[in-house]
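User: Can you walk me through this one? Start wherever you like.

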Amino acid sequence: FQTNLVPFPRIHFPLSTYAPIMTVEKHSHEMATVDQLTRACFTTSNTLIKCNPMNGKYMACCLLYRGDVVPRDVNAAIGHIKRQEQYRFVDWCPTGFKVGINYQMTTVVPGSDMARSQRSVCMLSNTTSLGEAWERLDYKFDLMYQKRAFVHWYVGEGMEEGEFNDAREDLAALERDYQEVGIDTRDLTDDVDE
C-alpha cells in the first residue's frame, strides 16, 4: 500500500507532530498564526516520537489543520517552509504536502491540562530522522537481550529464541533503510564519476 507518504514499502512509519501544545494558563494570552503553527510542526518540541527532525530529511508531509484556518494562509505557510534551508527534503522525490482542513475546532478532554485552541495542526511526515528512534530501540533491545531479560516469558509462550535474533536483524535492516533513503542522489553520482 503505497501513497506519496510511503515511497518504499518498508519506509512506512510516520513521524507525528502536533501544535499548539499549550496549557490552559498559557492559552489565555497566546494565539498562534497558521505560519507559526506550521513551523512548530517541524521542531523537536512538538514531535510525538523522540527524534530530531533537523537531523533527517523529509520525504513527504501531511498537514491536518483544524479550526480558524483558510487555504491562503496554509499555502503561504507551506511556501515559507519550502524556501527555508533549515528544513531539508530528499532530492530524489518531489516532496509533496498533503493538506486537510476541518473548520471545526479541536475538542479537549474535560478537566485536561491541555487548552482548547482556535486553530491547530497535526502533521504526519515520512522523514529519515526516524532512524534515530530505530537506533535507540536497537540499543535498548541489545541491552535487554544480552541479559536475557524477559526472554523466558516469550519462550514459555512458544516463541523460539532464534526469533529474537531474526527480529534484531530485521530492525537493523530497517535502520539501514532509513539511512540509505536520506543519501542525496548527487552524492551517489559523484561516487560513480570518481
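Analyst: Let's start with a charge pair. R10 and D177 meet through their side chains in a salt bridge, 2.6 Å from N to O. Keep in mind that this is a predicted model.

User: Where do R10 and D177 sit in the chain?

Analyst: R10 is in the segment before β1, and D177 is in helix α6. They are 167 residues apart, so the pair links distant parts of the chain.

User: What else does R10 pair with?

Analyst: R10 also forms a salt bridge with D170, where the closest N and O atoms are 3.3 Å apart. D170 lies in helix α6 and R10 in the segment before β1, so this pair ties together parts 160 residues apart in sequence.

User: Which residues end up in one network?

Analyst: R10, D170 and D177, joined by salt bridges that share partners.

User: How exposed are R10 and D170?

Analyst: R10 is partly exposed, with a relative accessible area of 34%. D170 is partly exposed as well, at 45%.

User: How many salt bridges does the structure hold?

Analyst: Seven. One of them joins the side chains of D138 and R168, at 3.6 Å from N to O. D138 is in helix α4 and R168 in helix α6, 30 residues apart.

User: Is D138 buried or exposed?

Analyst: Buried. Its relative accessible area is 2%.

User: Back up a bit. What's the secondary structure of the chain?

Analyst: Seven helices and four strands. From the N terminus on, the elements run β-α-α-β-α-β-β-α-α-α-α.

User: What box do the C-alpha atoms fill?

Analyst: Roughly 55 × 55 × 30 Å, taken along the principal axes. The chain has 194 residues, and buried residues make up 37% of them.

User: Switch to aromatics. How many pairs does the structure hold?

Analyst: There are 10 aromatic pairs. Take F8 and W92: the ring centres are 5.5 Å apart and the planes are at 45°, so the pair counts as tilted. This pair also links distant parts of the chain, 84 residues apart. F8 is in the segment before β1, and W92 is in the loop between α3 and β3.

User: How accessible are F8 and W92?

Analyst: F8 has a relative accessible area of 37%, which makes it partly exposed. W92 is at 28% and counts as partly exposed too.

User: Give me another pair.

Analyst: F42 and F97. They form a tilted aromatic pair, 6.5 Å centre to centre with 50° between the planes. F42 lies in the loop between α2 and β2 and F97 in strand β3, so the pair ties together parts 55 residues apart in sequence.

User: Are F42 and F97 buried or exposed?

Analyst: F42 is buried, and so is F97.

User: Which residues form the aromatic cluster?

Analyst: F42, Y58, Y87, F89 and F97 form one aromatic cluster.

User: Now the backbone. Where is the cis peptide bond?

Analyst: It joins A19 and P20, with omega at about 0°. P20 is in the loop between β1 and α1.

User: Which residues have a positive phi without being glycine?

Analyst: R148 is one of them, with a positive phi of about 60°. F150 is another, with phi at about 70°. Most residues other than glycine have a negative phi.

User: Where are R148 and F150?

Analyst: R148 lies in the loop between α4 and α5. F150 is found in the loop between α4 and α5 too. R148 counts as partly exposed at 41% relative accessibility. F150 is partly exposed, at 49%.

User: Last topic, the surface. Which residues make the nonpolar patch?

Analyst: Y139, L143, M144, F150, W153 and Y154 make it, over about 700 Å². So F150 turns up again, this time as part of the patch.

User: Which element gives the largest share of the nonpolar patch?

Analyst: Helix α4, with three residues. Both α4 and α5 supply at least two residues each. W153 sits in helix α5. At 58% relative accessibility, W153 counts as exposed.

User: And which residues form the negative patch?

Analyst: E160, E163, D166 and E169. E160 lies in the loop between α5 and α6. At 57% relative accessibility, E160 counts as exposed.

Terms used. Residues are numbered from 1 along each chain as its sequence is written. This is a predicted model: local features need pLDDT of at least 70, side-chain atom pairs count only at pLDDT 80 or more; totals for chains, interfaces and linings use all residues. Side-chain values use heavy atoms; hydrogens and water are left out. Patches are made of residues with over 30% relative accessible area and no salt bridge: like charges are joined within 9 Å, nonpolar side chains (Val, Leu, Ile, Met, Phe, Trp, Tyr) within 5 Å. Accessible areas come from the Shrake-Rupley method with a 1.4 Å probe; for residues, only the protein chains shown count as cover. A salt bridge is a side-chain nitrogen of Lys or Arg within 4 Å of a carboxyl oxygen of Asp or Glu. Lys and Arg count as positive and Asp and Glu as negative; His and the chain ends are not counted. The place of a charge is taken as NZ of Lys, CZ of Arg, CG of Asp or CD of Glu. Buried means under 20% relative accessible area, exposed over 50%, partly exposed in between (1.4 Å probe, protein chains only). Rings of Phe, Tyr and Trp (its six-membered ring) pair if their centres lie within 6.5 Å; planes under 30 degrees apart count as stacked, over 60 as edge-to-face and the rest as tilted.
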